[in-house]
Amino acid sequence: MASVLQPTDENLELLRGVLRDGDLVAIPTETVYGLAANAFNSSACENIYQAKGRPATDPLICHVASVSIAQSIASFNQLSRHLADLFWPGPLTLILPKAKVIPDIVTAGLDSVGVRCPIHPVFRQLIESLEFPLAAPSANPFAYISPTTAAHVADNLGDKIDYILDGGPSALGLESTIVDARNESAPVLLRHGALGKTEIENRAGIKLTDLASSVTQGPAVAPGSALKHYSPMTPLVLSTNPLEDHETESSACLLWKKPAGNISGNVFWLSANGSLEEAGARLYAALHEIDQLGFKQIIAQTFPEEDLGSALNDRLRRAAAK
Ligand code: TXA
Ligand code: MG
């Protein structure tokens, strides 16, 4: 069973040693927990795919401490540099042409690499004195809900890995937004995420082509964007009127906003005052909890179709996919 370690100086040094030896460590980030290995070490990265049961065709994101380190593993054009300057450290992953130093296994053979610079203070403390970037997908078994606490990782991957670094609950609770800006005249949104599309467009003064909303299967543009993903074991359906659809004892109703009036049993909500940020931060944790309760079905309320709401609806649609 994995040891869950608090971020003391001593434990951080121990975990750096584990990573230098080519072993895996689950790490906190502001989006979700990641399952990390030395990105320069192919066999360490191979172990990530094994532990997650992840297909070898689905590339990993490389996590770095700064733009200058990112420049040693990937090449930037003016637009990607501008985006990094605006949004790093933070929940934005950039798809960039990769440098030779990144092994093929990290990028699933692609000539591009996903790079992200997280802002979580414990992550930053860990990585700042490492000599290599950390390749890390979300620390969940393939296609299951992403973890937003150390306990989620322990529950779902605890028998596959030895170490989990506990940095508290992830503040954003939703994966990073992925942008491919290799073509400066036609930057592309590959995955909706914690950083809103409109915020990127407004602050960077660009227009993103949205390839993230297409829910077709296949590796064409965004490997890993398979329709079924982020799924609890309990079957999940979407509804705009969940309280009406929720009739039986055996289903759970998940609302993003606390309803007015009397509330019957088995009704859960993500935010008392209807804050999308709060609802987003709690969605995966709520799905993890409800998944343990033995309901036959989860009826989830759709979010308003705008920015963060679109990102959350994307996750719900994938969670509902068969
Ligand atoms: O917030 C996050 O991004 C979290 C934390 C741990 O950083 N990581 C994460 O990783 O969500 P993962 O592996 O669960 O999702 C990464 C997605 C996958 O769908 C993968 O296919 C895509 O990023 N990706 C990675 N490299 C890519 C590349 N070179 N081209 C296109 N897509 C890429
Ligand atoms: Mg994932």
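**Helix 10 and its neighbours**

The buried residues of helix 10 pack against helix 7 (150-157), strand 12 (236-239), strand 13, strand 14, strand 15 and helix 11 (308-320). Contact here means heavy atoms within 4.5 Å, and buried means under 20% relative accessible area, exposed over 50%, partly exposed in between (1.4 Å probe, protein chains only). Helices (H or I, at least four residues) and strands (E, at least two) are DSSP runs, numbered from the N terminus.

This is a predicted model, where local features need pLDDT of at least 70 and side-chain atom pairs count only at pLDDT 80 or more, while totals for chains, interfaces and linings use all residues. Residues are numbered from 1 along each chain as its sequence is written, and side-chain values use heavy atoms, leaving out hydrogens and water.

Let's look at the helix itself. In helix 10 (residues 276-291), 12 of the 16 residues are buried, so the helix is largely enclosed by the rest of the structure. Among them are Leu276, Tyr284, His288 and Asp291. Helix 10 also has a kink of about 40°, centred on Leu283; the bend at a residue is the angle between axes fitted to the seven residues ending there and the seven starting there.

Strand 13 runs parallel to strand 15 (residues 297-301), joined by 4 bridges, with Leu254 partnered by Ala300. Strand 14 (residues 267-271) also pairs with strand 13 in the parallel sense, over 4 bridges; two strands pair if DSSP finds at least two bridges between them.

Key. Chains are lettered from A and ligands numbered from 1 in the order in which they are written.
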